[in-house]
Amino acid sequence: GNADEAATRLQGLGEMPLPRYLAARLHCLAELTALIAAGQRDGWAAVPRAALAEALRMLRELEWPGVLALLPQHVGQIFCRALDEGVEVDWVRSAIRRRRLAAPAGAPESWPWPVRIRALGGFELSSDGDAAALPRADGRKAASKPLELRRYLACRGHEPASAATVALDLWPGDGRE
């Protein structure tokens, strides 16, 4: 819960003789806890870009996307800041996907959302970065009800809807199947 205390404890471990790979991981953890402490203390916007870039470079070189598995909200904030700053963007996006990391509040547009729906100014649906083909590949028009259902659900946002409510709204009148 206290990143400053964690950083102090990690420094103590760094004074012990360790194998090279453990020393590298410990150094990386120390850098990350310092970033988290700065984010908690001063806000994530105040985290220095150079320190962020160095920590993410180490993570990439250590091939350690699952770092701090028990602190996904903090890792998510670090990754958001990296995406905002353009730091290790490809690696960060890959790590987010691999971890299936939930997007923190205020995540940037560049976050690799598993599903993205745009309903204003036209309708667009993409899954894992690939736009869903709304027209059929054989040139025929796509069925309208599945598309209408997607739009309907997008407009409801997080508001739940029973199957009966959806059926009444999409298929008004008698004779619904």
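Gly76 is buried in this predicted model, with a relative accessible area of 0%; buried here means under 20% relative accessible area, exposed over 50%, and partly exposed in between, with a 1.4 Å probe and protein chains only. The residue lies in helix α4 (residues 72-85), where helices (H or I, at least four residues) and strands (E, at least two) are DSSP runs numbered from the N terminus. Leaving aside neighbours within four places in sequence, Gly76 is in contact (heavy atoms within 4.5 Å) with Leu101, Pro104 and Trp111. Ala102 belongs to this picture too: its C-alpha atom is 7.5 Å from that of Gly76, although the two residues are 26 apart in sequence.

Residues are numbered from 1 along each chain as its sequence is written, and side-chain values use heavy atoms, with hydrogens and water left out. As the model is predicted, local features need pLDDT of at least 70 and side-chain atom pairs count only at pLDDT 80 or more, while totals for chains, interfaces and linings use all residues.

Turning to the chain as a whole, there are 7 helices and 3 strands, arranged along the sequence as α-α-α-α-α-β-β-β-α-α. Of the 177 residues, 30% count as buried. Among contacts with a separation of 6 or more, 53% come from residues 24 or more positions apart.

Two packed helices are described by the angle between their axes and the distance between the axes. Here axes are lines fitted to C-alpha atoms, for helices over the stretch in contact, and angles run from 0 to 180 degrees between N-to-C directions. Helix α2 (residues 20-42) packs against helix α3 (residues 49-62) at an angle of about 145°, with the axes 10 Å apart. Their crossing is left-handed, a term for a near helix turned anticlockwise from the far one by less than a right angle, with right-handed used if the turn is clockwise. From α2, the residues Ala24, Arg25, His27, Cys28, Glu31, Leu32 and Leu35 meet Ala51, Leu52, Ala55, Met58, Leu59 and Leu62 of α3. This contact has 10 nonpolar, 1 polar and 2 charged residues, where Ala, Val, Leu, Ile, Met, Phe, Trp, Tyr, Cys and Pro count as nonpolar, Asp, Glu, Lys and Arg as charged, and the others, Gly among them, as polar. Cys28, one of the α2 residues in the contact, counts as buried because its relative accessibility is 0%.

The second pair is formed by α6 (residues 144-156) and α7 (residues 163-170), whose axes come within 11 Å and cross at roughly 120°. This crossing is right-handed. Lys145, Glu148, Leu149, Tyr152 and Arg156 of α6 make the contact with Thr165, Val166, Asp169 and Leu170 of α7, and these residues divide into 4 nonpolar, 1 polar and 4 charged. The 13 residues of α6 should span 18 Å at 1.5 Å a residue, in agreement with end C-alpha atoms 18 Å apart; the expected span is 1.5 Å times one less than the number of residues. After α6 comes Gly157, with a positive phi near 65°.

Most residues other than glycine have a negative phi. Glu88, however, has a phi near 50° and counts as partly exposed, at 22% relative accessibility. Arg100 has a positive phi of about 55° and is exposed, at 77% relative accessibility.
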